[in-house]
Every structure is written in C-alpha cells, then in structure tokens.
Amino acid sequence: MRHGARTRRAALTAALIAATAAASLTAGCTRQRPADDARAPARTPTPRVTVTPTPTPVAGSPLAVKIDNVSAARPQTGLGAADVVYAEQVEGGLSRLMAVYATRLPKSVGPVRSARESDLELLRQFHEPTLAYSGAQRKLLPLIGRAPLRAESPDDTASAYYRGAGRAAPHNLYLRPARLLSSAPGRTALTTGFRYGPAPSGGSPATTRTVRYPAARFAFTWSGTRGGWLVAMDGTPATTDGGRLAPPTVVVQYVRVRSSKYHDVLGNHTPYTETVGSGRAEVLRDGRSYAARWSRPGATDGTEFTTADGGPLNFADGQVWVVFAPSSG
C-alpha cells in the first residue's frame, strides 16, 4: 500500500510539473502576439430581448464604424460605400480605419474593432453621429458614454452584429447598418468642411503616393481608367466586396501624434491623433498633387483645406480617404 501511495504521489507531482510548464509556454506565446488590442469579444453576446429593436437614428446624423486593418482582417466588407475613410495610427505602429456613411448604407461592414480616445474628437464635427465599435479600453468607456454621440457596441445592440465564418476572432465581427439606422441620412450629414467641385489650377503631376507608419503603409496609385487612386495596404491591393478600392480624392493630412494615457493589453500606449488645429496637407485628385493647408479651429468645426495662395481646394466628387500622417514639425 505504501508503494501504491508513493506511485500515486509521484504521478500527481509529474502532472503538476507538466501543467506548470504548459502554462509557462502559453504565457510566452501570449507575449509574442502581434501588437493589437484584442478587445473585441470572442463571440457576439446573446441579446437579452429577442425582438430586434427599431433603429432610431438622429436626423442628419451619419454612421461611423471602426474597422480592423491588419492582414487577418482583409479584405474588408462595405468600405466602398463609405463617403469618407479615415486612416489612423494605433498601437504598435499599426493602422486602423474609420468609415463614415451618410449617402448610402451597405448591407454589412467590418470587421469591426475598438474605439480610441482621439476618435471622440474627430467625431465632434458631426451632429450626434452613431459610432459602431467592438469595445474600448475600460477607462475610456466613461468618456465614450459622455460624448455627444450614439455609441453602439455589441454590448449595447447585440442583434446588429454577427460573427463571420472563415476567420478567427477578433477579426470576424461584422455590423448590419440597417439594424442601427433606418436609412442613410443624406449628404447634408457630412459636416466635414470639405468642398467638392472643379480642380484648382496648379498642382504637380502625380502617379503614386505612399504613407508609412512604423508597422503599416498605404500606397495610392492613380488610375485614369477608374478615375481614382488604387489603394494598397501593406503592399497588398485593397479590395472590398469583390472590387478594388479607388477613391477619387486622397488627403495626406499631417498632424501631431502623441501618446495618450491609455494603453493596450500588451502595455503599448495608444497614439492620440490631434485633428483640431492647423497644418500642412497634400491633396491628390485627377492624377495631380496639390500642396495644401488644413484648418480646424475647434472640435465642432469641419476641416477646411486651402491652396498655397489661400484659395479653397475642392475635392473630386465621390469617396475621400484622409490618411493622418505624423508631422515632423
């Protein structure tokens, strides 16, 4: 019996050592993950009420969706229907998108990811916009709750979201916009400050432009056939819903990017992109590049772009991409 007890104790000790070693290996793998926030829930929460709520958008208010932009999230869905796409730097030098919808709503948008502090400042230009996002850093949630917008995460309206097949979480969360807005609010909801119309005089011929972040890059190549700038992200052609993205206007807006007080689960500080103020910009349209200045005096103002001589700088009709590039000044 003593021999049997010793055998059982030895077996138990060996099992505990193996479990400890496995846990250590798992922790090591976790530390080696890509520098992404991983805040999206692994599965869509089950709604407490089975009846789908009636969408109640504020009249004249657009829909803004935070969209994943790592390689595992591409190609994205619904980007081609956006009126404006903002590209920003996030933790680890990666990039993320915010798509704004006013003139039409796609059937589906995603993958949806988490919000950032600077998103709240950027969205102040709109009248109580609806913000669709997958979550946020815990200490940021009270700020989102107090912001003048309609925040809609899976925790708020689970029935508006679903998990797509063929991708692992968190890169598979999608939004059904019709579950949040009954209809597109229309062009008047785009209180961005942008002007649309004929191209100004001047400018320089341009065929391609690249913007680099520490761990991401955007390239835009002019296509006369498409009448727009073919988008590539991290060296890969950007497509959505089966088609190549080619916005008629691309803006490279140089801004101050500083560290916020928030950080991701790996301890990386979240960059804060300052979109209030003024600075230089480059506007690409019609196969030409225009040196510009941007100005946004206050958070509730739109952003105006002017030419070198101070005249208004019109954008081409159609989708606009705004890439926030860190300023060296």
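Why is strand 1 (residues 63–67) largely enclosed by the rest of the structure? In this predicted model, five of the five residues of strand 1 are buried, so the strand is largely enclosed by the rest of the structure.

Strand 1 pairs in the parallel sense with strand 4 (residues 130–132), and Leu 63 stands opposite Thr 130 of strand 4. Strand 1 also pairs with strand 3 (residues 95–101), here in the antiparallel sense; Lys 66 stands opposite Met 98 of strand 3.

An open sheet of four strands has the order 9-10-11-12, with antiparallel pairing. Its edge strands are strand 9 (208–213) and strand 12 (236–237), each of which pairs on one side only. Strand 10 (residues 216–223) and strand 11 (residues 228–233) are antiparallel partners, with Phe 218 opposite Met 233 in strand 11.

The pairings described above are listed here.

| Strand pair | Sense | Bridges |
|---|---|---|
| Strand 1 and strand 4 | parallel | three bridges |
| Strand 1 and strand 3 | antiparallel | five bridges |
| Strand 10 and strand 11 | antiparallel | six bridges |

**The chain as a whole**

The protein chain contains three helices and 21 strands. Of its 329 residues, 50% are buried. Among contacts between residues at least 6 apart in sequence, 65% join residues at least 24 apart. The accessible surface of the chain is about 15,400 Å², and 53% of this area belongs to carbon and sulfur atoms.

How values were computed. Residues are numbered from 1 along each chain as its sequence is written. This is a predicted model: local features need pLDDT of at least 70, side-chain atom pairs count only at pLDDT 80 or more; totals for chains, interfaces and linings use all residues. Side-chain values use heavy atoms; hydrogens and water are left out. Helices (H or I, at least four residues) and strands (E, at least two) are DSSP runs, numbered from the N terminus. Buried means under 20% relative accessible area, exposed over 50%, partly exposed in between (1.4 Å probe, protein chains only). Contact means heavy atoms within 4.5 Å. Accessible areas come from the Shrake-Rupley method with a 1.4 Å probe; for residues, only the protein chains shown count as cover. Two strands pair if DSSP finds at least two bridges between them.
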